[in-house]
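Please read the sequence alongside the model shown below. The text then goes from the whole chain to single residues.

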Amino acid sequence: MPLVGAAPVGSLDVALDHLRSAKGSIRVCLTADPDNFPNCIDDRHAVTRSIPAAQHSFRFGALPRGDYAIAVIHDENDNAKLDTFAGIPKEGFGFSRNPPIRFGPPRFTAARFTLDSDAETQQVTMRYIL
C-alpha cells in the first residue's frame, strides 16, 4: 500500500546505440531543469552517471514522475569533458529523443520526455562528427 502523500516514482532504462568504441567512459546527465540542460552544472537535482563505455545500457531508479532530458557524452580519453576542435565535438554525444543536431546542442524541449509510469525507456543514438 503506498504511503499517503508519497510522490509517485518510476524507473528509467537508457540504451545507447552506435558507440564507435569501448574506450573510456560514458558520462550521462539527467535533468528536469531546462536552464541547466545539457550541462547540469548548476542543477542540484540533476542525476549524473559515469559508466564504462563497454556498457551500453543503465537504469535510473526511483525518479519522481515528470519531464526530463538526457545528455550523453562518450569520453573516449576519460578526461571528464567533451573534447572539441574549433568548437566541433571530437567525441561522441547523444540526447534523449534523438533530436536533429544543427549548430550546438538541442534545446531542452527538443530532448524532453515525460516519465509518467512505473518504467520508461529511452534509446539514445550516439553521434560522432570528427
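What follows is a description of the overall fold, then of selected residues.

This is a predicted model, in which local features need pLDDT of at least 70 and side-chain atom pairs count only at pLDDT 80 or more, while totals for chains, interfaces and linings use all residues. Residues are numbered from 1 along each chain as its sequence is written, and side-chain values use heavy atoms, with hydrogens and water left out.

Helices (H or I, at least four residues) and strands (E, at least two) are DSSP runs, numbered from the N terminus. Along the sequence the order is β-β-β-β-β-β-β-β-α-β-β. The radius of gyration of the protein chain is 15 Å, close to the 14 Å that the globule rule gives for 130 residues, so the chain is as compact as a globular protein of that length. That radius is taken over C-alpha atoms, and the globule rule is 2.2 Å times the number of residues to the power 0.38. Along the principal axes, the C-alpha atoms fill a box of roughly 55 × 30 × 25 Å.

Of the 130 residues in the protein chain, 39% are buried. Here buried means under 20% relative accessible area, exposed means over 50%, and partly exposed lies in between (1.4 Å probe, protein chains only). The accessible surface of the chain is about 7,600 Å², and carbon and sulfur atoms account for 53% of that surface. These areas come from the Shrake-Rupley method with a 1.4 Å probe; for residues, only the protein chains shown count as cover. Taking contacts (heavy atoms within 4.5 Å) between residues at least 6 apart in sequence, 73% join residues at least 24 apart.

The charges come next. The chain carries 14 positive and 15 negative side chains, and the centres of the two sets are 4 Å apart. Lys and Arg count as positive and Asp and Glu as negative, with His and the chain ends not counted. Each charge is placed at NZ of Lys, CZ of Arg, CG of Asp or CD of Glu.

Aspartate 67 is in strand 5 and, at 35% relative accessibility, is partly exposed. The side chains of aspartate 67 and threonine 114 make a polar contact of 2.6 Å. Not counting residues up to four places away in sequence, aspartate 67 touches Thr31, Ala32, Phe108, Arg112, Phe113 and Thr114.

Glutamate 76 is in the loop between strand 5 (66–75) and strand 6 (84–85). Its side chain makes a polar contact of 2.9 Å with the side chain of arginine 20. Beyond residues up to four places away in sequence, glutamate 76 touches Arg20, Ser21, Lys23, Gly24, Lys90, Glu91 and Tyr128.

Isoleucine 88 is found in strand 7 and is partly exposed, with a relative accessible area of 35%. Leaving aside neighbours within four places in sequence, isoleucine 88 is in contact with Asp83, Ile129 and Leu130.

Most residues other than glycine have a negative phi, and most peptide bonds are trans. Phenylalanine 37 and proline 38 are joined by a cis peptide bond, with omega about 10°. Proline 38 is in the loop between strand 2 (25–31) and strand 3 (47–52). Alanine 86 has a positive phi, near 55°; this residue lies in the loop between strand 6 and strand 7 (88–89) and is exposed, at 71% relative accessibility. Arginine 97 also has a positive phi, near 65°.

Where is arginine 97 placed? Arginine 97 is in the loop between strand 8 (92–95) and helix 1 (108–111), and is partly exposed at 47% relative accessible area. Arginine 102 is found in the loop between strand 8 and helix 1 and is exposed, at 66%. The C-alpha atoms of arginine 102 and glycine 10 are separated by 32 Å.

Note on methods
A polar contact is a pair of N or O atoms within 3.5 Å; within protein, one must be able to donate a hydrogen and the other to accept it, and residues adjacent in sequence count only if both atoms are side-chain atoms.
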